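Could you help me learn to read how helices and chains pack together? I would like to go step by step.

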Amino acid sequence: MIQFVIRRLLQLIPVLLGVSILVFSMMHITPGSPAVIIAGEGANQETLDNINQRLGLNDPIHVQYFNFLFDAIRFDFGNSWRSGIPVSEEIAPRIWVTIELAVYSTILSIFMGLIAGIISAVRKYTMTDVIIMIVALFGLSMPNFWLGLMLIQWFSVGLGWFPATGWGSAPQVVLPVIALGTAGAAIIARMTRSSMLEVLTQDYIRTARAKGVKQRIVVYRHALKNALIPVITVVGLQFGFLLGGAVLTETVFAINGLGRLVVDRIAARDFPVVQASVLIIATLFVLVNFLVDISYRMVNKRIDLD
Amino acid sequence: MQMKSAQQKVFPPTQTNPRLRSFKDFMKRLSKNKAALIGGYLILFLIIIAIIGPYFLSHGTNEISYSSRSQSPSLENWLGTDQHGRDIFSRIIYGARITLLVGLLSVFIGGTIGVFIGIFSGYYGGKIDTVIMRIMDVLLAFPGILLALAIVSILGPSILNVIYAIAIYSIPTFARVARGSTLATKNLEYIDAIKALGATDTKIIFKHILPNVTSPIIVQTSVSIASAILTASGLSFLGLGAQPPSPEWGAMLNDGRGYMYDAPHIALFPGLAIIIVVLAFNIFGDGVRDALDPKSNR
């Protein structure tokens, strides 16, 4: 097991290096030189030279990359080109907001998805199953930003139950989490259903039933445990999907998270902030998938991943 | 020429070519699968509407009418009008062209590149395979819409750049699927036999590997188009894709956001339109997957 963890950890290194190279090159392949973006079109040569000097843009490209990499490891991303304050200060409080949003939404989608998926599997081919699967198909096909707008329309503007914007208090959390978590719940429900159906046809389940074990116990104790194994991998992917989707949800609900910051700063061409945010979200995603791999291995010792 | 005849003698195409058998079988299963049929016809219907629909409209996409702003649905304006008095129904029909074009084109570009990378990587194996697949892992390390967002931030916001961004972001998924099927096919005995008979790599790839990759790619294409449409509308909603006054559905939603209090229908209908199209591709994808799954036979 420890060997496996170490091997997976070592495999993370080339991926994370690749991510950092890609994020680093963002600034360099974009049209227009950084100095001009910072100082504006009309700036004179002297100002531009100063900026290039200050940001180390005259160094050879590999030197620039290693500086970027080692600064990033120390959580130093330089200063924002727009606000002038250190990028790390700008993003630090926002990281937590986005993680919270993604974690709550993941929990909601696991909870809803598992319940719906199990009910559907146990009552397969009944009306309940059909309705759940149709709802899931819609949930999967719905843009989360549109769902967010509709939830605001019904529950904030119409009924006044929840605030339409912001993040922090319990009522503020409800709508964004539903908007972001619905697609995930749909995916997990479908996955749970097919996985349960697969397991329920297996011999050991038939044996358990033949022994006279109650339906409830067969489903929850015997079948569910094995049916959950493939669901775990989906949960990992979901978390990443939700980190990305947070960009939209945060914009709809005016939540000051990392996603909204990225969108705002892309428009302002504030590359250090965009780079830092993208790098952090991708790193988080890679780490979560690593944890998922480990837990996958733990619940399913029979499987030897490579 | 000689090789071809030898090949045909040893492997009569009608009998032992697994591709022909399985593809026919696959089409037969597909034509019996309800989900695939419903999804397929719905997609066809939407494409026809997108192509000929605009010729039957009485309102232009950007026909502004300040006398009838933010009107609720009526006989004159089936889905109402937006804050500039433009007919929402007409805009949605025009927008279908953009949405379908972006979805189909981006996945076509990304899928083609991805499939070839995957086949190449899987077929040749070794170090090339390791390096290529690591690069794909790096691209997959950007969750969801984020990679597309990063690409658009480099290229600048426009609908064309959204197509490029989604194409790039679709590459790794297709590469993985194609590589998997390639590895499975490559180790079949008959490929060894053909190789022994002197078939070139190009010939093996195009005549034997590529057809075997087709079925899983069809499933992936359908799912990818659905997610491409969601991503593209999401980028336009963020103001990073199609720019107003384009009738792209995500851009329309962004446009109508500010008027939700007085005229909720402005944001309602473009969203429903997105759902219908995405739903069609998802249903089709489900059907194809079932048709491909040998277990669904029981």
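Q: What should I know before I start?

A: This is a predicted model, in which local features need pLDDT of at least 70 and side-chain atom pairs count only at pLDDT 80 or more, while totals for chains, interfaces and linings use all residues. Residues are numbered from 1 along each chain as its sequence is written, and chains are lettered from A and ligands numbered from 1 in the order in which they are written.

Q: At what angle do helix α8 and helix α10 of chain B pack?

A: Two packed helices are described by the angle between their axes and the distance between the axes. Axes are lines fitted to C-alpha atoms, for helices over the stretch in contact, and angles run from 0 to 180 degrees between N-to-C directions. Helices here are DSSP runs (H or I, at least four residues), numbered from the N terminus. In chain B, α8 (residues 159–186) and α10 (residues 201–237) pack at about 155 degrees, with axes 9 Å apart. α8(B) and α10(B) are therefore roughly antiparallel to each other (under 35 degrees is roughly parallel, over 145 roughly antiparallel, 65 to 115 roughly perpendicular and the rest oblique).

Q: Which residues of α8(B) and α10(B) meet?

A: Residues are in contact if their C-beta atoms, placed from the backbone, lie within 7 Å. Among them are Phe174(B) and Val177(B) in α8(B), and Val213(B) and Ile217(B) in α10(B).

Q: How do α6 of chain A and α12 of chain B pack?

A: Helix α6 (residues 127–141) of chain A and helix α12 (residues 265–292) of chain B pack at about 120 degrees, with their axes 9 Å apart. That makes α6(A) oblique to α12(B). Leu137(A), Phe138(A), Leu140(A) and Ser141(A) on α6(A) make the contact with α12(B) residues including Ile275(B) and Asn282(B).

Q: How many residues does each chain give to the contact?

A: Chain A gives 38 residues and chain B gives 35 residues. The largest share of chain A's side, eight residues, comes from α10(A).

Q: How is chain A divided into domains?

A: Domain bounds come from an automatic or database domain assignment. For chain A, the assignment gives domain 1 (2–73) and domain 2 (88–299). Their C-alpha centres lie 33 Å apart. In the contact, 14 residues of domain 1 of chain A meet 12 residues of domain 2 of chain A. On the domain 1 side, α1(A) gives the most, with 11 residues.

Note on methods: Helix = DSSP H or I, 4+ residues; strand = E, 2+ residues; numbered from the N terminus. Contact = placed C-beta atoms within 7 Å.
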